[in-house]
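These are my notebook entries on one protein chain, written as I looked things up.

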Amino acid sequence: MTDIDLPPFWDPESDDVLVCRAVRRQTHDVATFVLTAAQPRRFRYRPGQFMTFTVTIDGVEIHRCYTLSSSPSRPDSLAITVKRVPGGPVSNWLHDHLRPGMEIAALGPTGDFTLDLSHDAAPEKYLFLSAGSGITPVMSMARHLVDTRFDADAVFLHSARSPEDLIFARELAWMAEQAPSLRVRSICERDTPQNRWPGAMGRLDAALLAREVPDLRERRLFVCGPDGYRASARALAEQAGLDMARFHEESFDFGTLATQDPEIPAKIEALDAARHKVSFTRSRREIECGTDTPVLAAARAAGMRLPASCAKGMCGTCKCRLVSGTVEMKHDGGIRQREIDQGMILICCARPTSDLVIER
């Protein structure tokens, strides 16, 4: 097959629908959804990146981000691996409703938590640390590493509550067999009556890390998991003497940020000289927002709870229609140009330059 025969790459500006091709159960509450484009497309992304998905539940359009568990070295399809979340409308909807043949709207891929391999640079040693469903971006990295750098020296330490919660356990074991330079270790907090765990028990700590990765300071670390896990991993790396320029972590937790209040600038009042009126049509709220303040921050400061995840203009979960007015907006890939042309904005990074009316 020549390049002429290959389909074009997915273009987020014009391609916006993915088709579910398979659903693979990983554990009792985790499933992988394999996706392709509606038209023949290949996917070009960096391992560790995420996409924003849009579903309509009970007439309400909801945006959520999920990191890709697939590898860009297999460019004909994508995969997300999703854990059921108590009260999580989109994750649970995916489990309950998304089936092969169904379409789902998507934007991306994007994100800065990535493993970038330079074929010209000297070989590096890697350490992947993950807990729970935080395994998805580092699994993408490990798959990509094994596919493209067969002899790369990598250690993969994954933590789970119990043996029944281990995600990708069989595939990781297979990968370690195929690439002897990849060493995989799993850590379980506890056994279950049905499944006794023969490996490391408890949580990741200094002793376990020193035993499993005695050359930690020589490695580049990639960490993903709940906030507490990442904070612990960061402290352990510092304690071990790692050059923290070699420490990389997912900077926001998609599973929780959608329900959290993002940080609000402490001195909004002092920063803003000029202020504009912002009206929200659905909630019938009206607030004031300074020209130096993102609309989302001002709304949260006024007590409004609006959906948002990254607050960096990346994920698109705060996308709204601007009914009237003008804004200054510097985003980072969370919205398409044609959506902007149609009057959509990301309120996390839109600052008013006039009074605004927003459909939200």
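**Entry 1: a ring and its partner**

I looked up Phe 43 and noted that it is buried, with a relative accessible area of 2%; buried means under 20% relative accessible area, exposed over 50%, and partly exposed in between, with a 1.4 Å probe and protein chains only. Before going on I wrote down that this is a predicted model, in which local features need pLDDT of at least 70 and side-chain atom pairs count only at pLDDT 80 or more, while totals for chains, interfaces and linings use all residues. Residues are numbered from 1 along each chain as its sequence is written, and side-chain values use heavy atoms, with hydrogens and water left out.

I then turned to aromatic pairs, where rings of Phe, Tyr and Trp (its six-membered ring) pair if their centres lie within 6.5 Å, and planes under 30 degrees apart count as stacked, over 60 as edge-to-face and the rest as tilted. By this rule I have six aromatic pairs. Strands here (E, at least two residues) and helices (H or I, at least four) are DSSP runs, numbered from the N terminus. Trp 10 is also buried, at 8% relative accessibility.

A second tilted pair is formed by Phe 128 and Phe 222, with 6.1 Å from centre to centre and 40° between the planes. This pair, too, links distant parts of the chain: Phe 128 is in strand S7 (residues 125-131) and Phe 222 in strand S11 (residues 219-224), 94 residues apart. Phe 128 is buried at 0% relative accessibility, and Phe 222 is buried at 2%. Both belong to one aromatic cluster, which is made up of Phe 113, Tyr 126, Phe 128, Phe 156 and Phe 222.

Is Lys 319 buried or exposed? I found that Lys 319, which lies in strand S15 (residues 319-324), is buried, with a relative accessible area of 9%. Its side chain makes a polar contact of 3.0 Å with the side chain of Glu 339; a polar contact is a pair of N or O atoms within 3.5 Å, where within protein one must be able to donate a hydrogen and the other to accept it, and residues adjacent in sequence count only if both atoms are side-chain atoms. Leaving out residues up to four places away in sequence, Lys 319 touches several others, among them His 63, Leu 107, Met 344 and Arg 360, where contact means heavy atoms within 4.5 Å.

Arg 25 lies in strand S1 and is partly exposed, with a relative accessible area of 47%. Its side chain makes a polar contact of 3.2 Å with the side chain of His 95.

**Entry 2: backbone points**

Most residues other than glycine have a negative phi, and most peptide bonds are trans. Asp 58 sits in the loop between strand S3 (50-57) and strand S4 (60-67) and is exposed, at 75%. Arg 284 likewise has a positive phi, of about 60°; it is found in the loop between strand S13 (275-280) and strand S14 (285-290) and is exposed at 77%. I also found a cis peptide bond joining Gly 108 and Pro 109, with omega about 0°, and Pro 109 is in strand S6 (residues 103-110).

**Entry 3: a sheet**

I traced an open sheet of five strands in the order S14-S13-S19-S15-S17, with mixed pairing; two strands pair if DSSP finds at least two bridges between them. S14 and strand S17 (344-346) stand at the edges with a single partner strand each, so one side of each is left without a neighbour in the sheet. S13 and S14 run antiparallel and are joined by six bridges, and Val 278 has Ile 287 in S14 as its bridge partner.

**Entry 4: confidence**

The mean pLDDT of the chain is 90, and 92% of its residues reach 70 or more; pLDDT is the predictor's confidence in each residue, from 0 to 100. Confidence is lowest in helix H7 (residues 268-271), at a mean of 50, and highest in strand S2 (residues 30-37), at 98.
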